[in-house]
Amino acid sequence: MKPLLLLILLLAGSVTFAQQQFNKWITYLNISSSTVRDASIDSFMTANAGNLPYVESDTAVFIYRGSATNMQIAGDFNGWSPSYTMTRVSSSTLYYYKKAFENNARLDYKYVRNGSAWILDPHNSKTVTGGFGPNSELAMPGYIQPPEIIYNAGIAHGTVLTTSLTASNGVGTFQIKIYLPPGYAENPEKRYPTAYFHDGFEYIDLASAVNVIDNLIASGRITPVVGVFVRPNNRNDEYAGNKRVQYAEFFAGQLVQYIDAQYRTLAQGTKRMTAGDSFGGNISGYISFTYPEVFGLCGLHSGAFWPNNYEVYNNFINAPYKPVTFAAVWGTYESLFTNMRSFRDLMTAKGNELLWSELPEGHSWGLWRANIDFLLEYFFPVAPASAEEFSTSPGSFTMSAYPNPFNPETNIEFTLPEKEPVTVSVYSIMGEKVRDLFTGEASSGVNNIPFQAGALPSGTYFIAVRTQSKSKAIKVLLLR
C-alpha cells in the first residue's frame, strides 16, 4: 500500500510534493512500475508547469522531460560548456541534474539535447535576452527581480531622439540615441549631468535603460540626467582593438562637444559618466584614464580589462593618481571577478572612490540590467537639501569607506596632515543628518571610524568629515 499511498500524495499537487525530499522521490521512481512512475512524473510536471528548475533548500534541480538520448546543461555556472550531464530516471523520459547555489544567485543557462541542439528549458517560463538571443533563467529564492526595468505607464517619461555623428578622425559614423528627461523642454534654464553608454542600443533594448532612468527619476532616486547611447560599428576593434585610441578620441572630444552644444548639459568631468559592459567597461576605463577631465565618473558592468595585456588595468594601477570615481558590478560566476577584486583594492588604496558590488551571477545582461541603478544612484544622487554641507577641499585630505556597499557595518578612513578637531556625520540622500559618528580630536595620519547601520534602511548615504577649515564627503551604499 505504501507505493500507492505515495502516488496519491504526489497526485495531490505541488504543496504536497514540496514536503517530500527530491532524492526520496527519485528513489521511489526508480523502483516503481512504469505505469506508477509515469503517473507520478505527470503529476509533478503538471504541478510545477512553467516554474522549474525545482528548488529545494539551497539546491536547484534542473529537469527535462522529453524524447532524447542524452541531455546536458551549459550556463553561467560552468563557463557555457555542456559539461553537466543530466541523469535519466530509469527508462523514462525524465532527466535531472542537481546543483547547490547561493540563495540570491541568478544565472543564465540552456539545455543541450543529443549533443548538438541548444534549447531553452521548455519547462521554465523565465528567460533573459542577451546579445546572442534568449537564455533560460535560474533565479534562486533570495533573488529579487529588478522592478525598475518595467515600463510604468503612471509616471512621466523622457524623450528619446535618434541621430548619427561622423567622426572627423575617420573612425566611423555612429548611431546615437539621446534621452532627454521629463520636463527638459519646460525648464529652459536647467542644465543636466550626462550618462554616456557604450553598447548603447543594447542598453536600451536588452537592459531597458530608458525604463530604468524614467523610474529612478520618478521615484526621486536620481537627479534628472541626459542619456547618450552610442552604438558601436565594430565593438571589438573600437572597445579593445586597434581602433580604441581613435574611438576614445572621438568619444571624449567630438561627441562630448556635440552633445554639450546641442543639449543643456553640465560641462564638467564630475558630471559625466562613461559606462559599459564587458569590453564596454574596458573602453570606459580607457577613456576615463586618458581624459579624466572629461569623464570623471566611470561605470563598470563586468569590466573586461584583459585586452592588450591588461592595458587599462595597468594604466590605472601604475600611473599617478587620476581623479576618477568608479562604480563597478561583477559576478562571481564570471572569470574576471578576481581581477575586479584586485582592481578595487588597489584603486581604493590609491585614494580613488570606488563603489562596488559582487553578486552570484554570470557575464549576462541579466546582471547588467539589474544594476544600471547601482551606477546612476551613486553618480547622480538627488541633490541634498543642504548641498553646501558637502563642499569639499580637493587634495586637503583623503577619505574612503570599506566595504562599500556594506551590510551592516563599514569603516570610514581618513588621513589628516595634522592633529585637529573633527566631526564625522552621516546624512541621508536628501541631506538630512542621520547621526554623528564622531566628534573630537583626530590624530595626524590615518584615522578609522566604524559606521554601524543598525536599523537604517537600504539606500545611499553621505559620510561627511569636517575639520575647522575643510570638509569632504563620500557616498556609501547600504544593501540589506
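Strands β19 and β20 (residues 409-416) pair in the antiparallel sense over five bridges; helices (H or I, at least four residues) and strands (E, at least two) are DSSP runs, numbered from the N terminus, and two strands pair if DSSP finds at least two bridges between them. The model is predicted: local features need pLDDT of at least 70, side-chain atom pairs count only at pLDDT 80 or more, and totals for chains, interfaces and linings use all residues. Residues are numbered from 1 along each chain as its sequence is written, and side-chain values use heavy atoms, without hydrogens and water.

Ala401 has Ile412 of β20 as its bridge partner. The order β19-β20-β23 makes an open sheet of three strands with antiparallel pairing. Its edge strands, β19 (398-402) and β23 (445-452), each pair on one side only.

The second largest pocket holds about 980 Å³ of space. A pocket is an open set of points on a 1 Å grid over the protein atoms alone, where a 1.4 Å probe fits, with protein on both sides within 12 Å along at least five of seven lines; lining residues have an atom within 4 Å of a point. Grid points are joined across faces, edges and corners, and the volume is the space filled by probe spheres set on them. Of the 31 lining residues, Ser357, Leu359, Asn371, Leu479 and Arg480 are the closest to the centre of this pocket. Two or more lining residues come from each of β18 (354-359), α13 (372-379), β24 (459-466) and β25 (471-478). The largest share, four residues, belongs to β18.
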